[in-house]
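Welcome, and please open the model in your viewer. This tour tells you what to select next and what is there.

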Amino acid sequence: MFDHVRARLARLVGPDTERETEPTVGLFVDGPNVFREEFDVDLDDLRDVARTLGHVGVIRLYLDEHATPGLIQAAEARGFEVIITSGDVDVKLAVDSTALAGDGTLDRLAIVSRDTDFKPVLEHAGTLGVETIAIAPGEYGRSDALRNAADETITLES
């Protein structure tokens with residue numbers, strides 16, 4: 001399922017070289033929860049935050065079927081892999097991020113959300129030795145449960 005991600009990372013590092021010293025980061029964005037009127041979240045800012053955390057191996061934006069074509073196009077233009085689900089995106093995001101954290105693909109797992117549903121994902125990744133980062137869309141949108149479950153927290157400024 002994630003062979004394409006592992007293959008991409010292997011090409012970037014190469015078989016005869018040591019692994020990069022920068023940690024490999026996976027950024028998973030809960031689109032319906034973050035791209036709301038009350039938050040002024042910018043896709044470029046999210047990408048820049050991911051880059052400050054290490055080598056970006058996975059950068060995904062999860063959206064539901066109500067996502068606008070403009071948001072999808074903007075995300076893809078900025079290098080995000082867009083995953084569209086029918087209904088709630090939480091399960092797909094949680095399964096994908098847990099799987100990549102569990103198979104050694106990621107050194108750091110960053111989840112952009114204000115939804116406490118992702119607390120178990122961060123906790124599980126932490127037990128596997130993966131560093132965890134909870135990114136909130138703003139001070140108002142910060143989840144104390146996510147903040148307390150993560151190794152590091154970042155609050156986006158509007």
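Start by selecting E131, which is partly exposed at a relative accessible area of 37%; here buried means under 20% relative accessible area, exposed over 50% and partly exposed in between, with a 1.4 Å probe and protein chains only. Before moving on, note that this is a predicted model, where local features need pLDDT of at least 70, side-chain atom pairs count only at pLDDT 80 or more, and totals for chains, interfaces and linings use all residues. Residues are numbered from 1 along each chain as its sequence is written, and side-chain values use heavy atoms, leaving out hydrogens and water.

**Stop 1: around R108**

Which residue forms a salt bridge with R108, with the closest N and O atoms 3.1 Å apart? That partner is E131. A salt bridge here is a side-chain nitrogen of Lys or Arg within 4 Å of a carboxyl oxygen of Asp or Glu. Because E131 sits in strand β5 (residues 131–136) and R108 in strand β4 (residues 108–112), the pair ties together parts that are 23 residues apart in sequence. Helices (H or I, at least four residues) and strands (E, at least two) are DSSP runs, numbered from the N terminus.

Now select E152, whose side chain meets R108 in a salt bridge as well, at 3.0 Å from N to O. E152 belongs to strand β6 (residues 152–155) and R108 to β4, so this pair links parts 44 residues apart in sequence. E152 is partly exposed, at 29% relative accessibility.

**Stop 2**

Next, pick R147 and D144, whose side chains form a salt bridge (3.1 Å, N to O). Both lie in helix α7 (residues 144–149), three residues apart, about one turn of the helix. Each is partly exposed: R147 at 28% relative accessibility and D144 at 42%. For a network, select R60, E81, K92 and D96, joined by salt bridges that share partners. The count of salt bridges comes to ten.

**Stop 3: the nonpolar cores**

Finally, select L27, L46, F80 and I135, the residues with the most contacts inside the largest nonpolar core, which has 26 residues. Such a core is a set of buried Ala, Val, Leu, Ile, Met, Phe, Trp, Tyr and Cys residues joined through side-chain atoms within 4.5 Å. Helix α3 (43–53) is one of the elements giving two or more residues to this core, and α3 gives the most, with five residues. Apart from this core lies another, of 21 residues, including V58, L100, V121 and A149.
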